[in-house]
Amino acid sequence: MTTIIDGNEVAEEIRADLTDAIDTLADAGVTPGLATVLMSEDPASETYVAMKQRDCEEVGIEAFDYELDPDTPADELYSLVDDLNADDDVHGILVQMPVPDHVDDRTVLRRIDPAKDVDGFHPENVGRLVAGDARFKPCTPHGVQKLLDAVDVETEGADVVVVGRSDIVGKPMANLLIQKAEGGNATVTVCHSRTNDLAEKTREADIVVAAAGVPELVTGDMLSEGVVVIDVGVNRVDADNEKGYELVGDVDFDSAKEKASAITPVPGGVGPMTRAMLLWNTVKAAAESADVDVDLP
């Protein structure tokens, strides 16, 4: 019987557990604050930011919402980030990607104070992650770790194939899984668009994390019996329905679930966890800024 890993349920548990840490901060006179900056008219980005703000309200994190016209000069965005860095009420800063072409995304990431970089993408935080001393784990890979733990999947000694090598998911996912730490100690193979015979690699895996951004790239015949499949992909494909599209992952769910012992759906798998771990990082940032000890779930 295949276990369908319910990301909504696990994320809800994490949000509920965060309230104890937020209450501890409140007793110390601290309210965690997350600033989101949107410089796009992309509907998906607008929806995602709105969901993050709703999540903040639900758990007691103060949300600071900033929207810039996509034609705004890059210097105005950089100046806003500088102001947020200096604002003691803001403990986490998230600039929603992608930004317009005239804005250099790397400059944006480097502009954010590493202590407020709750996405974990500043070079200093990437370096700390690789060194095994993470300040903030990137939200999606951290969420994947939490999902694996929620269904009692042991990573120690496991053969893991990560399909995708992005800075956002693939690389940090591999780094977390090889750490000599809880949720790590795996043997990790990172595959990508230049990998020869991807199926040969995925069939050897105990755990497959698909994060390539290619609709239904991984199919059931590419998997071994009993594999655990974590599908990070969210892709719009044309569909004969009212919306004209549907969301699918990087895994062909129907064929993969015939082989998998556990699998995440799309939507409702990894996505909710990404948002939950953003809250987790924001609470951690507030606690470290105020030098308050909190228990994080």
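Reader: Which residues of the largest nonpolar core touch the most other members?
Author: Val 209 and Ile 230 do, in a core of 47 residues. A nonpolar core here is a set of buried Ala, Val, Leu, Ile, Met, Phe, Trp, Tyr and Cys residues joined through side-chain atoms within 4.5 Å; buried means under 20% relative accessible area with a 1.4 Å probe, protein chains only. The model is predicted, so local features need pLDDT of at least 70 and side-chain atom pairs count only at pLDDT 80 or more, while totals for chains, interfaces and linings use all residues. Residues are numbered from 1 along each chain as its sequence is written, and side-chain values use heavy atoms, with hydrogens and water left out.

Reader: What is Ile 230 in contact with, leaving aside neighbours within four places in sequence?
Author: Its contacts (heavy atoms within 4.5 Å) include Ile 5, Val 144, Leu 148, Val 209 and Val 270.

Reader: Turning to the sheet, what is the strand order?
Author: The open sheet of 6 strands runs β1-β11-β8-β7-β5-β6, with parallel pairing. Strands are DSSP runs of E, at least two residues, and helices are runs of H or I, at least four, numbered from the N terminus; two strands pair if DSSP finds at least two bridges between them.

Reader: Why is one side of β1 and of β6 left without a neighbour in the sheet?
Author: β1 (3–4) and β6 (187–191) stand at the edges, each with a single partner strand, so one side of each has no neighbour there.

Reader: And over how many bridges do β5 and β7 pair?
Author: They pair over 4 bridges, in the parallel sense. Val 161 has Val 208 in β7 as its bridge partner.

Key: Buried < 20%, exposed > 50% of the residue type's maximum accessible area, 1.4 Å probe, protein only.
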